[in-house]
Every structure is written in C-alpha cells, then in structure tokens.
Amino acid sequence: MTSNLKKIKEIIASDRRSCERLELPLKVRYLTAGGLADQWSDYVWLDNLGGEGLGFTHDAELLKGDKLDIELKIPSEKKPFYMGAEVVWARENLMSLSEINLGKYSYGLKIFQLGEEDKKKFEQFISDSIIDKYLDDQGKFRKREGRKL
C-alpha cells in the first residue's frame, strides 16, 4: 500500500496547486461580507473543490479580494459546512459559455476560515474523495487518460 500512496502523491504533485482539486457534484451558496443574513445567493454548482479552495461559475459579479461566507452541503453530512473564503481570481466568461448556462463569471476562492470540527470532517471528505478518484474498491489504481501510473 505504501507504493500506492507514493504514486498518489506523485500524481497530486504534478499539479501546480498545493491541494488536489476535485470535480464533484456539489452545490454552494454564498453571502458577501457585510451582507444581510437573508441575502444568500442561489445555490450554484461547484466547478471544483480542494482542501484549500473551491471554484464556481455564476452570473453575479464578484471582485478579486471579496470576502464571502460559504455554505457547502455534502452528502455524508446532515448539516452544511460554513466557511470564510476570499475571491483570489475572477474572470468574465466568453459569451458562448454564459449562453449554455455555465455562468457569466468564473471564480477561484481560497478558504481562510473553517471551524475545527468542520475542518476535520471537511478534510476527511476531501481525503476520501481523492482515494475514490484514484483507487477502485479493491485498492487498485483506476485507469486515467494521459497519466502513467
């Protein structure tokens, strides 16, 4: 099993991000810092999620540096996670992307606040999702296009 862990670390290290990003069918909603509690956004689908950040597209315009309260629901937990995140990059999508409902803007956020108990559960969820991504039920590597194992 040690060699499998080494291979997973090598695959993850090939990405420039410090944490693996996963494409999972999860939704979030957000509240801009200083916003009223009843001004949460509609739920939006995540583009990706990792231990240190997340990405999504949406029609609402946010700016780099905006601080958000994030509500993230994951299937294994009854209560959603609440975290603080900062918009670290924002870009306007091409017209053709927004026309197919991918959202007018794309955002990358860095998580800067998460309670200790939620942090443990969130990290466990991310770890389990990474293992599920790379290993099958027998603990063998899944075949992935473009990468040698």
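Reader: Before we start, what counts as a charge over a ring?
Author: A charge sits over a ring if NZ of Lys or CZ of Arg is within 6 Å of the ring centre and within 35 degrees of the ring normal. In this predicted model, Lys 67 lies over the face of Phe 112, at 5.9 Å from the ring centre.

Reader: How many aromatic pairs are there in the whole structure?
Author: The search finds five. One of them joins Trp 40 and Tyr 82, whose ring centres are 6.2 Å apart with planes at 65 degrees, so this pair is edge-to-face.

Reader: Where in the chain do Trp 40 and Tyr 82 lie?
Author: Trp 40 is in the loop between β2 and β3, and Tyr 82 is in strand β6, 42 residues apart. Trp 40 counts as partly exposed at 21% relative accessibility, and Tyr 82 counts as partly exposed at 44%.

Reader: And Phe 81 with Phe 122, why is that pair edge-to-face?
Author: The planes of Phe 81 and Phe 122 stand at 80 degrees, with the ring centres 5.9 Å apart, so the pair is edge-to-face. It links strand β6 to helix α3.

Reader: Is Phe 122 buried or exposed?
Author: Phe 122 counts as buried, at 1% relative accessibility. Phe 81 is buried too, with a value of 1%.

Reader: Changing topic: which residues touch the most other members of the largest nonpolar core?
Author: Among them are Phe 122, Phe 56 and Leu 49, in a core of 30 residues. Elements giving two or more residues to this core include β5, β6, β7 and α3.

Reader: How do β6 and β7 pair?
Author: They pair in the antiparallel sense over nine bridges, and Arg 91 stands opposite Ser 106 in β7.

How values were computed:
Residues numbered from 1 in each chain as written. Predicted model: local features only at pLDDT ≥ 70, side-chain atom pairs only at ≥ 80, totals over all residues. Heavy atoms only, no water. Core = buried A, V, L, I, M, F, W, Y, C linked by side-chain atoms within 4.5 Å. Buried < 20%, exposed > 50% of the residue type's maximum accessible area, 1.4 Å probe, protein only. Helix = DSSP H or I, 4+ residues; strand = E, 2+ residues; numbered from the N terminus. Pairing = 2+ DSSP bridges. Phe/Tyr/Trp six-rings, centres within 6.5 Å; stacked < 30°, edge-to-face > 60°.
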